[in-house]
Amino acid sequence: MIRNNLIGTVNLLAQLAEQTCHRVVLLGSAEASVKGPPSSPYAAAKQAEARYAALFHHAYKLPTVVIHPTIIYGPGQVAEKLIPYVITRAINGQPLALQTPERVCDFLYINDLIHALLCAALRESIAGEEFEIGSGQGVMIRDVVQLVTASIGSDATLANQDSTDRHSQPLTIDGASSRVKLGWAPHWSLADGLRRTIAWHCEQLMAAQQTT
């Protein structure tokens, strides 16, 4: 986390500070934007990235903007992430082993994140600021599983009970002020985003079956 996330970002900011650029957009995390101590090494590294971005903006006039998104999902995401894992297991009718199915999270479709990043790159008079980006809707992971299984027509079920760890805390934001200053708003509902993501996974499965 320190080497790849933090040191890599600081090296990049140091190089860009010697260049002329319109805007530097850094991708943070909603886990890093919450107040209080970080909940993981990842969150700590992301918090430090944001602080270095603020330093380079203040001391060296580097026009940085940090975007802190909630949980991102969409076509092409790596299989280890939550939504691809749920979809793949549901398609195959396999039980889902989730540590915290009762956790409430904010899920953001990839197209909405891309739009937010473009706004962060092009919006005037926002250099040096940080923005929390999310759908604004908190949904229990268990309910997301039910949406996926119902859409697929799968009988896959949750295999274990909820546990109490750092990931059991809600991950939601109130991004109203960020949306006003950034000039951005989410477009994709969770139902529509999941439908498109499930369709992509089904297409990939069919393509793999045809090649074998």
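Trainee: Why is arginine 195 called partly exposed?

Mentor: Arginine 195 has a relative accessibility of 48%. Residues count as buried under 20% relative accessible area, as exposed over 50%, and as partly exposed in between, with a 1.4 Å probe and protein chains only. The value of 48% lies in that middle range, so arginine 195 is partly exposed. Bear in mind that this is a predicted model, where local features need pLDDT of at least 70 and side-chain atom pairs count only at pLDDT 80 or more, while totals for chains, interfaces and linings use all residues. Residues are numbered from 1 along each chain as its sequence is written, and side-chain values use heavy atoms, leaving out hydrogens and water.

Trainee: What makes arginine 195 and aspartate 192 a salt bridge?

Mentor: The term asks for a side-chain nitrogen of Lys or Arg within 4 Å of a carboxyl oxygen of Asp or Glu. Here the closest N and O atoms are 2.6 Å apart, so the pair meets the rule. Aspartate 192 is partly exposed as well, at 34% relative accessibility. Both residues sit in helix α8 (residues 190–211), three residues apart, about one turn of the helix. In general, an α-helix has 3.6 residues a turn, so residues three or four places apart point the same way.

Trainee: How many salt bridges does the rule give?

Mentor: The count comes to five salt bridges. One of them joins arginine 51 and glutamate 130, with closest N and O atoms 2.4 Å apart. Arginine 51 belongs to helix α3 and glutamate 130 to strand β5 (residues 129–133), so this pair ties together parts that are 79 residues apart in sequence.

Trainee: Why does lysine 46 count as buried?

Mentor: Lysine 46 has 10% relative accessibility, and that falls under the cut-off, so lysine 46 counts as buried. Its place is in helix α3. Contact means heavy atoms within 4.5 Å, and lysine 46 touches Leu27, Gly28, Ser29 and Ala32, not counting residues up to four places away in sequence. The buried residues of α3 also include Glu49 and Phe56; the buried residues of this helix pack against α1 (2–16), β1 (24–27), α2, β2 and β5.

Trainee: Is leucine 62 buried or exposed?

Mentor: Leucine 62 is buried, because its relative accessibility is 3%. This residue is found in the loop between α3 (41–60) and β2 (64–69). Among the residues that leucine 62 touches are Leu13, Val24 and Phe56, again not counting residues up to four places away in sequence.

Trainee: And why is isoleucine 173 called buried?

Mentor: Isoleucine 173 has a relative accessible area of 13%, which means it is buried. Isoleucine 173 lies in the loop between α6 and α7 (176–182). Isoleucine 133 is 40 residues away from isoleucine 173 in sequence, yet their C-alpha atoms are 7.7 Å apart in space. Leaving aside neighbours within four places in sequence, the contacts of isoleucine 173 include Ile133, along with Thr70, Asp106 and Gly136.

Key:
Helix = DSSP H or I, 4+ residues; strand = E, 2+ residues; numbered from the N terminus.
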